[in-house]
Amino acid sequence: MRHPILQLGSNIIVAPVVHGSGDFAWEVRRLFLSEPFDCLAVPLPESFRTDVEQAILELPRPSAVVQRNYPDFAVESDDEPGASYVPIDPCQGVIAAIRTAMGEHVPRHFIDLETSRFVSVTQSFPDAYALKKVSLEQYAAAVVPFLSRPDEPQWQARVTHMASHLRRLSGSYKKILFVCGILEWPWIRQVFQQHASSPHDDEPVSDTGRYPVETNTLYFMLGEVPFVTGLYEQARENLDDDAQLSIDGVKELLLTARDSYRAAYRSRARRITPKLLSICLKYTRNLTLLDRHFSPQLTTIVTAAQQTVGDGYALHVLETAKSFPYSNVRGESLIRFGIERATLPDGDTLRMVSRLPGPPIVWQSLHLIPKPDDQKKEQWKQKWNPFSQCSWPPEDELIENFRSAVFDRARNIMGQDLARTEKFTTSIKDGIDIRDTLRHWYEREIYVKVLPPNRGKLDAVVMLFDSPADPRDYRWRATWFAEHVEESTLAFFATNFREQAVGPGICLATYGGAMFLFPPIPIPDVWSDPRLDFAETLEERLIAAACMHSRSPHVALLCSLPPGTAWKGIAKHFQRQLVHVPLGQFSDETVQRLRMVHVLNGKHIRSYAAEYIRKT
């Protein structure tokens with residue numbers, strides 16, 4: 001038996017909802033289908049009925065029913081024309097109720113007061129995800145003590161009018177479901193029990209208009225994120241379970257954004273593993289709890305993606321969240337929504353007020369560098385000076401530190417070949433050798449490591465990030481000389497930087513392989529040196545150049561697989577030995593960041609380059 005807190009009279013059940021919540025829309029639909037209702041009452045004026053019901057029949061195509069303030073030339077205090085609208089949003093509890101009633105052929109009554117200029121009143125409410133743990137009655141009872149009665153005269157007139165209308169309907173139907181905003185419910189209940197009649201008459205109003213909404217502006221109209229709203233519609237279409245979509249939709253959002261991120265960045269994309277996604281979700285959960293919510297906001301999700309994976313992935317999360325699978329047809333007369341504004345198909349821009357207002361919106365800023373459009377990219381390419389280019393110092397410092405780390409790893413590998421073990425006597429030397437100690441456990445002796453005091457010096461390293469490398473992908477090949485003594489002489493092959501303009505005078509390329517000589521020395525251009533023409537591949541040419549110019553008998557080689565016979569033959573030709581450092585010893589995040597190289601069109605670009613260079 002239903003709790004009497006949600007009952008009016010003997011035959012009216014109230015479903016108080018937070019507008020714009022998918023969880024409440026799901027609860028309303030479940031409630032409607034669980035009991036034999038023969039009437040539905042909703043808090044909308046009768047003037048909206050025709051267009052609202054017709055727009056609902058067109059779902060999942062998004063639309064809005066707009067009513068200009070009456071008369072048409074009425075203006076707001078800031079001399080801006082205004083209008084009110086009903087968002088035809090599947091995640092609106094009222095829209096979900098009307099949609100279900102239409103499917104069940106249940107009569108619908110629009111019982112709100114006709115107002116020439118609608119005044120929106122709203123408050124903040126607890127997170128709707130609480131409905132997954134508590135009943136609608138418990139949620140409503142917990143909220144009532146914290147609701148304050150608004151002083152807006154129009155709001156009070158509407159409450160009285162709806163209560164009077166409900167009392168008239170109660171005499172004509174056996175069981176009525178009334179869906180209203182949770183802010184209005186206690187006062188409608190109070191007026192209904194007092195048997196008060198409405199002293200207010202309907203005001204003259206303008207005709208309504210039904211407009212499809214441009215997909216890129218859906219975020220400003222829908223209550224939930226457009227991507228999650230699309231998931232609700234897909235679940236409805238496929239008869240899937242959508243009870244947990246408010247949370248499961250976040251996971252699906254991250255996975256879909258990962259696919260688009262990989263398609264856009266290809267070989268430059270970071271490997272977003274299940275482990276990394278779990279870290280991102282944990283970060284999202286912690287930020288959500290700090291905000292005192294159960295379910296995350298879009299800004300929280302994007303911030304977590306930015307902090308755990310990078311700006312590139314965060315941008316794809318944001319773009320994916322704005323996407324909606326059921327777009328309107330191009331060429332239609334579309335309405336464009338903005339922040340409390342909308343532009344109608346005839347070009348008029350109106351100040352918009354929702355007839356189903358959700359909790360107050362708090363706008364937050366995200367520090368993401370937007371992706372430039374194709375027109376800007378073309379303008380930047382045309383202004384490029386081919387005779388002036390340089391590197392981005394933070395990336396130089398990063399890769400030089402990495403070169404030093406590879407040198408250290410290579411020295412350790414060189415020392416391991418000469419390492420030996422001996423029985424412990426008075427000193428543990430370079431550490432206990434666990435393997436030999438266990439192997440000779442029957443002797444009851446401890447064995448220790450003894451490493452050679454001198455492991456040799458290194459001055460050349462070859463890093464092969466993509467091997468075998470396709471010459472068609474890596475068309476840019478150059479030799480760069482050090483700007484100061486802390487930099488190496490560098491020869492590399494990379495993608496064509498002119499194809500990836502990211503800012504005015506800033507382009508992006510991806511290393512396929514590179515050779516470093518440190519301390520820096522002047523050398524002929526590796527790619528035009530005839531002494532290296534015997535090399536058949538890009539990798540062989542870099543290895544040959546490193547062996548030719550190295551002053552050490554060893555050359556460090558960073559690549560995924562050990563060097564083959566051909567590469568060892570090149571080293572032997574120059575009387576050098578390759579020291580293989582496995583690429584897998586370094587994290588994928590580090591490698592992907594190192595592969596990115598931004599090319600600046602002159603040193604003066606460095607003064608503002610940070611505004612356009614983002615972390616992938």
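**Salt bridges, strands and loops**

Q: Which side chain meets Arg158 in a salt bridge?
A: The side chain of Glu184 does, at 3.3 Å, N to O. A salt bridge here is a side-chain nitrogen of Lys or Arg within 4 Å of a carboxyl oxygen of Asp or Glu.

Q: What kind of model is this, and how are residues numbered?
A: The model is predicted, so local features need pLDDT of at least 70 and side-chain atom pairs count only at pLDDT 80 or more, while totals for chains, interfaces and linings use all residues. Residues are numbered from 1 along each chain as its sequence is written, and side-chain values use heavy atoms, with hydrogens and water left out.

Q: Back to Arg158 and Glu184. Where do they lie?
A: Arg158 is in helix α5 (residues 153–170), and Glu184 is in the loop between β7 and α6 (185–193), so the pair ties together parts that are 26 residues apart in sequence. Helices (H or I, at least four residues) and strands (E, at least two) are DSSP runs, numbered from the N terminus.

Q: Is Arg158 buried or exposed? 
A: Arg158 is buried, with a relative accessible area of 2%. Glu184 is buried too, at 10%. Buried means under 20% relative accessible area, exposed means over 50%, and partly exposed is in between (1.4 Å probe, protein chains only).

Q: How many salt bridges does the count come to?
A: The count comes to 25. One of them joins the side chains of Arg108 and Glu53, at 3.1 Å from N to O.

Q: What does that pair tie together?
A: Arg108 lies in strand β6 and Glu53 in helix α2, so their bridge links parts that are 55 residues apart in sequence. Both Arg108 and Glu53 are buried. They also belong to a network of salt bridges with Glu46 and Arg49.

Q: Which residue forms a salt bridge with Asp533?
A: Arg541 does, with the closest N and O atoms 3.0 Å apart. Arg541 is buried, with a relative accessible area of 10%.

Q: New topic: the open sheet. What is the strand order?
A: The six strands run β8-β4-β5-β11-β10-β9, with mixed pairing. Two strands pair if DSSP finds at least two bridges between them.

Q: Which strands sit at the edges?
A: β8 (208–212) and β9 (336–337) are the edge strands, and each pairs on one side only.

Q: What does helix α2 touch there?
A: Helix α2 (residues 49–57) packs on the sheet and touches β4 (63–68), β5 (82–88) and β8. Contact means heavy atoms within 4.5 Å. The direction of α2 makes about 20° with that of β8. Axes are lines fitted to C-alpha atoms, for helices over the stretch in contact, and angles run from 0 to 180 degrees between N-to-C directions.

Q: And how does β9 pair with β10, parallel or antiparallel?
A: β9 and β10 (residues 341–343) pair in the antiparallel sense, over two bridges. Phe337 has Ala342 of β10 as its bridge partner.

Q: How many residues of β7 are buried?
A: Six of the six residues of β7 (residues 176–181) are buried, so the strand is largely enclosed by the rest of the structure.

Q: What is the phi of His105?
A: It is positive, about 60°, although His105 is not a glycine. His105 lies in the loop between α3 (93–103) and β6 (108–110). His105 is exposed, with a relative accessible area of 73%.

Q: What about Arg444: buried or exposed?
A: Arg444 is exposed, at 65% relative accessible area. Its phi is near 60°, a positive value in a residue other than glycine. Arg444 lies in the loop between α14 and β14.
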